[in-house]
Amino acid sequence: MLRNLILGVAGRPIVRRMATSGPGRAVALRFVAGENLDQGLAVTRALCAEGFSVALDHLGENVTSADAADAAAAVYREAIERVAAEGLNATVTLKPTQMGLDVDAGLAHANVSKLCAAAAAHGSSLTLDMEDHRYTDRTVEMCLRLDGEFGGRAGIALQSALYRTPADLDRLISVPVRLVKGAYKEPPEIGYPRKVDVDRAYAQMLARLLREGFYPMIATHDERLVRYALRLARQSGRASDTFEFQMLYGIRRDLQRRLLDGGSRVRVYVPFGSDWYPYLIRRLAERPANIGFFLSALIRS
Ligand code: FDA
């Protein structure tokens, strides 16, 4: 309920103005590595030194021009090259609308394809983030096409919140799938309105992925699901290097550490960039208690 309210009012200019003021920025920095690639790489280095791997996310979405898409792709290109030059255990993760999907599907595909080629040249890979349901079809198709071009180098996030996802998983079972619950407000004809159903769907797809998936990326901070994943992996005899957990920077550090110490692979999703507002709103909506941090920062300012 509160989640829908937060996502619903986020687009209002006054809310945006308040949230991007000084206190909003302070809260954002709990979840964001910094506003540029240097800061993203500094956090990446520190995490890799501890034994984590990283998925670097250059914040941005819904760009409205080919120039903006090309500029975003150039930052990713630099990230891929610098990660490789430093030998960091990091991949990149990106949003198709940041690569120009709202402008032209061909442009977006060309941008992502070039990045995938650059990553593959260094033995690395990338993942397509999943945005709201208007982009699901095109993101799935983009991933399948990239898989044809670069076999196994392009992964995709799938959302358990959507009714359609089990059918998408049928088509994507042989690519690296990042299973998430879904961070967007979706209409009831598209996605489960109740969290309990989203969680149940997650558990079902998790079981399928761990049984048959190519390289499951289990992206959740939900401890019950994490425990379930570990149990399933044991039961199906999956080696610990054939799947990974993924969590967001700044969220459940304790759980990230515990999993790593227990011998699991853990990749931390590290966002950087100045366009952090939509990302911050999704993090606030997921856990309305975060609003408390925001309000106390506002009161202190
Ligand atoms: P749930 O919301 O049930 O939270 C479980 C527990 O985690 C909470 O009790 C709390 O302790 C902690 N927690 C969760 N969110 C928190 C927050 N914001 N602040 C503090 N604590 C929090 N979504 C999407 O639609 N497309 C995508 O491409 C991605 N990509 C992605 C990558 C990675 C690595 C992760 C971890 C998540 C995503 N997501 C995403 C977001 C995802 O869909 C979902 O919204 C969040 O992960 C929150 O759901 P949980 O699975 O953590 O469970």
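Entry 1, ligand. I counted a residue as near a molecule if one of its heavy atoms lies within 4 Å of it. By that rule, 25 residues surround the ligand, and the closest are Gly182, Lys195, Thr220, His221 and Glu286.

Before going on I noted the terms of the model. It is a predicted model, in which local features need pLDDT of at least 70 and side-chain atom pairs count only at pLDDT 80 or more, while totals for chains, interfaces and linings use all residues. Residues are numbered from 1 along each chain as its sequence is written, and side-chain values use heavy atoms, with hydrogens and water left out.

An N or O atom in the side chain of Lys181 is 2.7 Å from an oxygen atom of the ligand. For the side chain of His221 I also read 2.7 Å from an N or O atom to a ligand oxygen. Glu286 has a polar side-chain atom 2.7 Å from an oxygen atom of the ligand. The protein buries 87% of the 930 Å² that the ligand exposes when taken alone; these areas come from the Shrake-Rupley method with a 1.4 Å probe.

The bounds come from an automatic or database domain assignment. It gives domain 1 as 1-32 + 276-301 and domain 2 as 54-274. Their C-alpha centres lie 24 Å apart. The contact (heavy atoms within 4.5 Å) takes 14 residues from domain 1 and 16 residues from domain 2.

A nonpolar core is a set of buried Ala, Val, Leu, Ile, Met, Phe, Trp, Tyr and Cys residues joined through side-chain atoms within 4.5 Å. Buried means under 20% relative accessible area, exposed over 50%, and partly exposed in between (1.4 Å probe, protein chains only). The largest core has 70 residues, of which Leu56, Met99, Leu126, Leu128 and Ile156 touch the most other members. Helix α9 (residues 195-212) gives the largest share of this core, eight residues. I set helices as DSSP runs of H or I with at least four residues, and strands as E runs of at least two, numbered from the N terminus.

Asn62 is not a glycine, yet has a positive phi of about 50 degrees. I found Asn62 in the loop between β1 (53-58) and α5 (66-86).

Technical notes:
Polar contact = N/O pair within 3.5 Å; in protein donor to acceptor, adjacent residues only side chain to side chain.
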